[in-house]
Amino acid sequence: MVSDLVDVKNNGSEPSFLKYAGKGRGLKSWIFSVDHKRIGIMYLISTLLFFAVGVTFGFLMRLELFAPGRTIMDPQTYNSIFTLHGVIMIFLFIIPGLPAVFGNFFLPILIGAKDVAFPRINLLSWWLLILGGLMAVTSILLPGGPADTGWTFYIPYSVRTGTNVSLALMAAFVLGFSSILTGINFVTTVHRLRAPGMTWFKMPLFVWSLYATAWIQVLATPIIGITLLLVAVERWFGVGIFDPALGGDPVLFQHLFWIYSHPAVYIMILPAMGVVSEVIPVFARRTIFGYKFIAYSSMAIAVFGSLVWAHHMFTAGMSDTGQFVFSLLTFLVAIPSAIKVFNWTATLYKGSIELHPAMLFALGFIFLFSIGGLTGLFQGTLSVSIQTHDTSFIVAHFHYVMFGGTGFGIFAALHYWWPKMFGKLYNLKAAKISFWFLFIGFNVLYFPMFVMGWLGMPRRYYDYLPEFTTYHRLSTIGSWILITGLIIMFWNLLYAVKRGKVTHEKNLWGGETLEWSVDTPPTLENFNEIPTVTAGPYEYKNNEIENKKVEDVV
Amino acid sequence: MIEKNQMSEEHSHSYGIYILVWLGLMTLTAVTVAVAGINFGALTVATALLVASIKSFLVLKIFMHLNVEQKVFKIFVGAALFFIIVSFVLLFADYSFL
Amino acid sequence: MSNSPLAVHADHAHRDDIGSRMGMWLFLFTELILFGGMFFLYSVYRFTNQEAFHIAAKELNTLVGTFNTAILLTSSLTIVLSIVAIQKNNRKLSIYFQLITVALALGFLVNKFFEWSAKFHHGIYPGGEELLAKSKGEILFFGLYYVMTGLHGLHVIIGMVLISWMTVYTAKGIVNKDNYVKLETAGLYWHLVDIIWIFLFPLFYLIT
């Protein structure tokens, strides 16, 4: 496909998107830029900063839980910390993570376009992320203290507590709006800006995943918008909506909350699956197995994922019929995900596998996500859910899918696309070492939670019975290993930007999608001329290694 | 690449159809108010919602030009309605069987 | 194709009217679902508090509600007529229709203001003594009434601002016979505001 393109020679006189001056110089040319690549980088910096804060809170939580009783903080602080950990990780890292960073940067390039459909709205999305983030941070600092309701803001505590819940709710509302605008932009972009010849079934699978994700962003997010807004209104004006003291129904809040928040997890996982679908063909040197199935399953996950929300509420007081219906639907939604895992595995079969760091993270994803997904299925079973709801088992489950899944997907994307974005090479060996610290640390941190959750350790509990101490200790040590891995990984990547070896190699790893045909780093308008596409995105012939030149910097 | 309106070029513009639809909408409003006075129990609600749906359908199709837009717009509206209706039905799966 | 390194991204060289309308439709879905969440709430609470809702609805004035419905429906007509006018290159007429739309919207809001004031005067407002003395179901009804019509009113204001903005553009010729997608998208937004009221009206005013 690379050779099928119309002239994309860079005559060398066009500077990369990192260097052009745009409107004014320096900072202003970035924060007022409507270039999707610059916006992607700004999202990268912002989300990674928020990730660091979220990790810090997680680290502190694990320190507290190292021993029963008080270790480093009091219970109120602990409650606020797990609330903030959730709010920051979910709304400021994982949800924007892949779509807003890599989607923004690469979606137009992958479909042969010069930018997204609405570049100025794109910039607004980023500004709203920053605004929402600032509001969340402010809620920590203002008197009243940070919210202590858990990121789920359940009624009635969320209308009773005196902490800065309203500000946190409004922050989430603003962040939701940011997400909605990204969704609108991406749906329109995929429909309207594909290059000539790029039919729907020639699109890269990452694009399919972004498209499915964008639909969920558009349709599901408004529900949480209105729900959180109503809780804030209830706090401010004493309007009777959810508060049982005024006749409201707390379970109804949970319904409305999860009608968004369950599809939200598919916003998180679909792009990560898309990354895996990109990385595996390249480093197995084989075309993806079952392209259409993966494309359709992305849409199926978006649709079915919107129908299962109440499996978060099996112990809340739902009717038997409700429980039965949602349990059944939950089993169905596992099918398209399983299809993807089968297809990735089949792609590896008889492939010429290179264990590039991106590939390691992609393989790690498959392993960790499978555990997470299976344990999700376990909980779709009503009788099991009664046992495991609100225990550490759940905490382990969702960290396996969100962190082992999406998190590792983000790490894979970072290693796959970093040199293309910055024109600098990172150290491959250091990257691989960081992977092993992360993979091992992750499992040591979270697997014990499955066991102790099953044995009865509740979640969000500040204190615990002595019989759980060993598990908690192990878990905390795991967190230290994991964080070591994070430090190595980010040090490696950031050092590369500052002092890494420069590369202008267009096709570093032998990929067949359009980003590997443009300059490294890309120029302002990506393409000198919009290409005409004639081939599919993963057409490797006989495991050929074309155009591959990987240089190591020791 | 300049793509112009690409929609209204295919049909002639006239005030008439819109005024007709407006008359229809006003009539339907009168109907729904009249019916509301009669107590059919649950049927009253159903009728009110049915009339509201018809009015909305007219606004969507004619005022909002869904009838002359590309097919993809209709699919979009279908997707949004699907999401709303299915969520509603599933929500009531919990409430209607206590 | 500009090769100048100093060129700001050429976001005006690329015009896509269908894309613009598509973006607005997608945004309208989000607004629809925003209100949809409240309709869900209304439905469940009505289902579980039928008698109380019936009693509470008697406090609302059906005549005012019907009048407001007529106003909004007419404003939907006038905004679409303003588009036909500009298609026929009749700039003045288009502006008149737009101004009438805004005036009708204002009329709607004035009615709303009087409705709410009357309620407040009778002590029926969130946290008000009179309201709190009523049954749980009635409190829920009015909570939903204020929030839903209030949020709707906010969207009426947004719509008015949008359309007024388009009026300025039309006067300046930025919106014209060959380029009127901005007016179309503003119109689409306005129609949605109308559709939401089409459902709000029977659910609050016609269940007596």
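1. Basis. The model is predicted, so local features need pLDDT of at least 70 and side-chain atom pairs pLDDT 80 or more, while totals for chains, interfaces and linings use all residues. Residues are numbered from 1 along each chain as its sequence is written, chains are lettered from A in the order in which they are written, and side-chain values use heavy atoms, without hydrogens and water.

2. Chain C with chain B, extent. About 4,500 Å² is buried between them, 76% of it from carbon and sulfur atoms; buried area is the accessible area (1.4 Å probe) lost when two parts are put together, summed over both. Ile18(C), Trp25(C) and Phe40(C) supply 14% of what chain C buries here, more than any other three residues.

3. Chain C with chain B, charges. The count is 1 salt bridge (a side-chain nitrogen of Lys or Arg within 4 Å of a carboxyl oxygen of Asp or Glu). Glu69(B) and Arg21(C) form a salt bridge, with the closest N and O atoms 2.5 Å apart.

4. Chain C with chain A, extent. The buried area is about 3,600 Å², with 75% from carbon and sulfur atoms.

5. Chain C with chain A, charges. The rule finds 1 salt bridge across this interface. Asp16(C) and Arg192(A) meet in a salt bridge at 2.8 Å, N to O.
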